[in-house]
Amino acid sequence: MVSTQTCARRVAASVADPELPMLTLHDLGVLRDVEVADGRVTVTITPTYSGCPAMATMRDDLVHRLTDAGFTDVEVRVRLHPAWSSDWITDRGRAALADHGLSPPGPAPERSGPVPLTLLPRRRALTCPRCGSSGTELTSEFGSTACKALYRCAACLEPFEHVKEI
């Protein structure tokens with residue numbers, strides 16, 4: 001028999017990200033914790049960016065899916081510390097990004113102390129998710145969302161989005 005805790009965790013882990021629907025919140029690494037106590041399910045999520053516009057949709061989707069699964073008292077909390085890291089994306093999530101034509105992030109930059117502000121484009125060593133060429137060029141530091149950059153492949157000439165390392 002599956003415990004209530006395990007069931008709640010499975011349901012929460014299966015909720016798709018609204019901006020990257022090929023990923024679950026678990027695979028994206030924003031699902032931090034699921035607790036069940038005294039009939040209440042408390043889900044903790046960490047946004048990819050503190051101002052992520054998808055947070056309200058994530059919260060609503062979690063509440064609806066858990067409610068549909070029979071949990072009547074659901075609370076979603078947002079935890080900003082520690083800050084989300086692209087290193088939290090699972091291997092399955094990275095593969096799903098590549099399978100859908102998005103360039104998955106490389107290792108997140110090492111951080112110790114304050115994060116330096118730079119307004120210059122970030123240099124990244126990428127390969128095209130369509131043809132595998134390393135001849136890529138940055139088109140825009142911001143793609144369809146703030147967590148993605150837009151690139152173009154010099155070999156196949158196809159544009160593609162890259163999920164940023166954070």
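Q: What is the accessible surface of the protein, and what percentage belongs to carbon and sulfur atoms?
A: In this predicted model, the accessible surface of the protein is about 9300 Å². Carbon and sulfur atoms contribute 54% of that area.

Q: What percentage of the residues in the protein is buried?
A: A residue counts as buried when its relative accessible area is under 20%. Buried residues make up 40% of the 166 residues in the protein.

Q: How many helices and strands does the protein have, and how do the elements run from the N terminus on?
A: The protein has 4 helices and 6 strands. Their order from the N terminus on is α-α-β-β-α-β-α-β-β-β. Along the principal axes, the C-alpha atoms occupy a box of roughly 55 × 35 × 25 Å.

Q: Why is Thr48 called buried?
A: The relative accessible area of Thr48 is 10%, and the term requires a value under 20%; Thr48 is therefore classed as buried. Thr48 lies in the loop between strand E2 (40-45) and helix H3 (55-68). Neighbours within four places in sequence aside, Thr48 makes contact with Leu28, Val30, Trp84, Cys147 and Ile166.

Q: Which residues line the largest cavity?
A: The lining consists of Asp17, Glu19, Leu20, Leu28, Thr48, Cys52, Met58 and Cys147. By class, this lining has 5 nonpolar, 1 polar and 2 charged residues. The volume of the largest cavity is about 40 Å³, and the count of cavities of 30 Å³ or more comes to 1.

Q: Why is Asp38 called exposed?
A: Exposure requires a relative accessible area over 50%. Asp38 has 84%, so the term exposed applies to Asp38. Asp38 is located in the loop between strand E1 (31-37) and E2.

Q: What makes the phi of Asp38 worth a remark?
A: The phi of Asp38 is near 50°, which is a positive value in a residue other than glycine.

Q: Is Leu157 classed as buried or exposed, and why?
A: With a relative accessible area of 52%, Leu157 is classed as exposed, because the cut-off for that term is a value over 50%. Leu157 also has a positive phi of about 65°, although Leu157 is not a glycine. Its place is in the loop between strand E5 (148-153) and E6.

Q: Which residues of helix H4 (residues 91-99) are buried, and why are they said to be on the same side of H4?
A: The buried residues of H4 are Gly93, Arg94, Ala96 and Leu97. They cover an arc of only 160° around the axis, and therefore they are placed on the same side of H4. In general, an α-helix has 3.6 residues a turn, so residues three or four places apart point the same way.

Q: Which residues are exposed on the other side of H4, and what covers the buried residues?
A: Asp91 and Asp99 are exposed on the other side of H4. The cover over the buried residues of H4 includes helix H2 (25-28) and strand E6 (159-163). Gly101, which follows H4, has a positive phi near 80°.

Q: What makes the peptide bond between His81 and Pro82 a cis bond?
A: The omega of the bond joining His81 and Pro82 is about 0°, and the bond is cis. Pro82 lies in the loop between strand E3 (73-78) and H4.

Technical notes:
Residues numbered from 1 in each chain as written. Predicted model: local features only at pLDDT ≥ 70, side-chain atom pairs only at ≥ 80, totals over all residues. Heavy atoms only, no water. Buried < 20%, exposed > 50% of the residue type's maximum accessible area, 1.4 Å probe, protein only. Helix = DSSP H or I, 4+ residues; strand = E, 2+ residues; numbered from the N terminus. Arc of directions from axis to C-beta. Contact = heavy atoms within 4.5 Å. 1 Å grid on protein atoms, 1.4 Å probe; cavity = no way out; pocket = protein on both sides within 12 Å on 5 of 7 lines; lining within 4 Å. Points joined across faces, edges and corners; volume = space filled by probe spheres on them. Nonpolar A, V, L, I, M, F, W, Y, C, P; charged D, E, K, R; others polar. Areas by Shrake-Rupley, 256 points an atom, 1.4 Å probe, with all protein chains shown as cover.
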